[in-house]
Each structure stands twice: as structure tokens, then as C-alpha cells.
Amino acid sequence: YLTWKNDPTTTMTVMWITKQSDDNDTVHFQIRDAKSPTWEKQKGSHQKLPNKKPYLIHKAEIKGLKADTIYTFHVGNKNKTWTFHTMPRDLNQPVRFVTGGDAYHNSFKKFKTMCQRAARENPRFAIIGGDIAYAAEKRGGEENWSKWQEFFACWSEVMRDKDGCLIPILTTIGNHEVTGSFSSTAKQAPFYYMFFEKATYDMSFGSYLHLTFLDSNHTKKIKGDQTKWLEKTLKNNKNHTHRFAIYHVGAYPSSNRLDSPTNKLLRKHWVPLFEKYKIHACFESHDHAYKRTFPM
């Protein structure tokens, strides 16, 4: 699967899972339609999966890429190739992305059908706002590793754009990534942090798009350091043409209780900042219901 850690116009991070016997971390890549294509290579790194699972997670970040360009790449077997598409520097043409949450709940068939439908929109990337694979179903106990396996197998097969490129994924954390659900620590979400590394971060796409990802009281408190970081981030990026925030629990839920502790904290600490810095839209999850409001 693909994601970004840095500039989406000039980098791409390739992630893949193998058996422990396969410790090759090198990605080979080239511009797909180059007249004289030459394979370049990027050395990555790997870690063992949590809970003594007999697999490795590999990561290789490719830098210095050309914007809005399709690349071919392979890891290991050179006969098995994939493609990716870097983001444009500006909005000379429309850019489309898809966003949602609570993705792979209980039916693999429904999840695959949803991914197929999302891919038909031809998005340049996808956002999942928490509860990604529902691997941590209950409080305490060990995560269900097979749910993660099924999630990534489906994603790599189905989530491709009209050019056949893998669709990068950006995420934040939800309660079903954490064995403690709420008010927990990163140690209680080992697979999420192994696969995606961060839950609170921001990302700029040229000057036309800024995304802010937040942890709604799962492994980080809403009040305090995270709110201070949020205000600084929104202030420093207020001139982007389009600005969105992504977090799991809704500030104004559509099917859960309005007065739950997390909802109240969101409205007290984050909503005033979204309004102060004129965030254009917030993408929430958690409620298993579709809600769209007029501008508030």
C-alpha cells in the first residue's frame, strides 16, 4: 500500500508486508512512460510485526520525484509491478479524493464492494478517519491480525484509479484501532502505529490543499498539547485554498449521544478553532450514519 510522510508532489512511501524470511527492503522504480526508462532504487527498512506475528512490515520513502507523474515500481519480484501517481503542484485540473470511516466492519464482501465503488470515482488518494479494519473489537485482549491482512489484501487489489495506479491512503485513529477504545496510549494500538505511524499530523498539497488529522481521545488527549498543536497548525496554514480537518468521533453526532465526554471536549476545544481559522469542512466518522450539514 502507499501513503505519504512528506510532500505528496515529490515523494511516495511504499509499504509492504512479507514473511520474516524476506528481509529485502529495496524498491525499484522508474517513470512509466519515459522514452529511455532506467530503473532507480530506494533502500528502505523493516520491522517485525507486533504480538509475535511472523511477518515484517517494510517501508521505503522515495524522494525527488516529478510532480503529477506516473511511476512503475516493484519490490522483490521484478515481474510483479505496480504504479503510482504523484500529486500535482497546483490545480490546473481538478483533484478528487474520497473520504470515509468505519471501513471494514464485519462483512468482507461489503467492504470490497465499497472499495470498488470508491475506486470508480477515480480519486488521487483516500482518507479513512478511523476504525479501519476493526481489528480491536473488544476492550483488552489481542488485536485480530487477520482483519488487517484482509484489509490490505483487498486494498491493494481493488483500490486503483483509471490508470491502474494504487490509490494512496491517509488515516487517523479510531476506537477500534485501540484495545482500550478511549483514553488509552499508543502502546494499546500497536498495529495502527506500525502501519501508519501517526494519528496527529498535517499535510500540504502545494498551496491548494491542507489536511489536518487529529486523534479524538483514543491515544492522545483532546485538551492540552494536541489543541495547542492544532491552533498553531491551522494558523500557519490558513492561506491554503482548501482546508479540511479529519478526526474520528463527531463533534455534533448524528446517532450517538450529544453529551458524551468526547463530544463535549471536541466542541469546547476544537470547534472554536475550526471556526476561528475558517476550516472549510470537517470529516467525521464513528456514528455509522451519513450526515452532511449546511455551513455552520
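Reply: What follows looks at helix 4 first and then at the protein around it.

The model is a predicted one, and in it the protein has six helices and 15 strands. Its radius of gyration is 19 Å, close to the 19 Å that the globule rule gives for 296 residues, so the protein is as compact as a globular protein of that length. The C-alpha trace spans about 60 × 45 × 35 Å along the principal axes, and buried residues account for 51% of the 296 residues.

Within this fold, helix 4 runs over residues 225-236 and therefore has 12 residues, reaching 17 Å from its first C-alpha to its last, which is close to the 16 Å expected at 1.5 Å a residue. Its buried residues are Gln226, Thr227, Leu230, Thr233 and Leu234. These five lie on the same side of helix 4, because they cover an arc of only 125° around the axis.

The face of helix 4 that is turned away from the buried side carries Asp225, Lys228, Lys232 and Asn236, which are exposed.

Glutamate 197 lies in the loop between helix 3 (190-195) and strand 12, while lysine 5 lies in the loop between strand 1 (2-3) and strand 2 (12-19), so that the pair, 192 residues apart, links distant parts of the chain. Lysine 5 and glutamate 197 form a salt bridge, with their closest N and O atoms 3.6 Å apart. Lysine 5 is partly exposed, at a relative accessible area of 24%, and glutamate 197 is likewise partly exposed, at 30%. The structure holds 13 salt bridges, and two others can be set beside this one. Glutamate 284 forms a salt bridge with lysine 291, their closest N and O atoms being 3.2 Å apart, and salt bridges that share partners join Lys5, Lys59 and Glu197 into one network. In another pair, lysine 162 forms a salt bridge with aspartate 163 at 3.7 Å between the closest N and O atoms; here lysine 162 counts as exposed, at 66% relative accessibility, whereas aspartate 163 counts as partly exposed, at 31%.

Disulfides, by contrast, number zero in the structure. Cysteine 165 shows why for its own case: the closest cysteine sulfur, in cysteine 115, is 17 Å from its sulfur, which is too far for a bond. Cysteine 165 is buried, with a relative accessible area of 0%, while cysteine 282 is partly exposed, at 30%.

Contacts over the whole protein complete the setting, for among those between residues at least 6 apart in sequence, 71% join residues at least 24 apart.

Methods:
Residues numbered from 1 in each chain as written. Predicted model: local features only at pLDDT ≥ 70, side-chain atom pairs only at ≥ 80, totals over all residues. Heavy atoms only, no water. Helix = DSSP H or I, 4+ residues; strand = E, 2+ residues; numbered from the N terminus. Buried < 20%, exposed > 50% of the residue type's maximum accessible area, 1.4 Å probe, protein only. Arc of directions from axis to C-beta. Salt bridge = Lys/Arg side-chain N within 4 Å of Asp/Glu carboxyl O. Disulfide = S-S within 2.5 Å. Rg over C-alpha atoms; globule rule 2.2 N^0.38 Å. Contact = heavy atoms within 4.5 Å.
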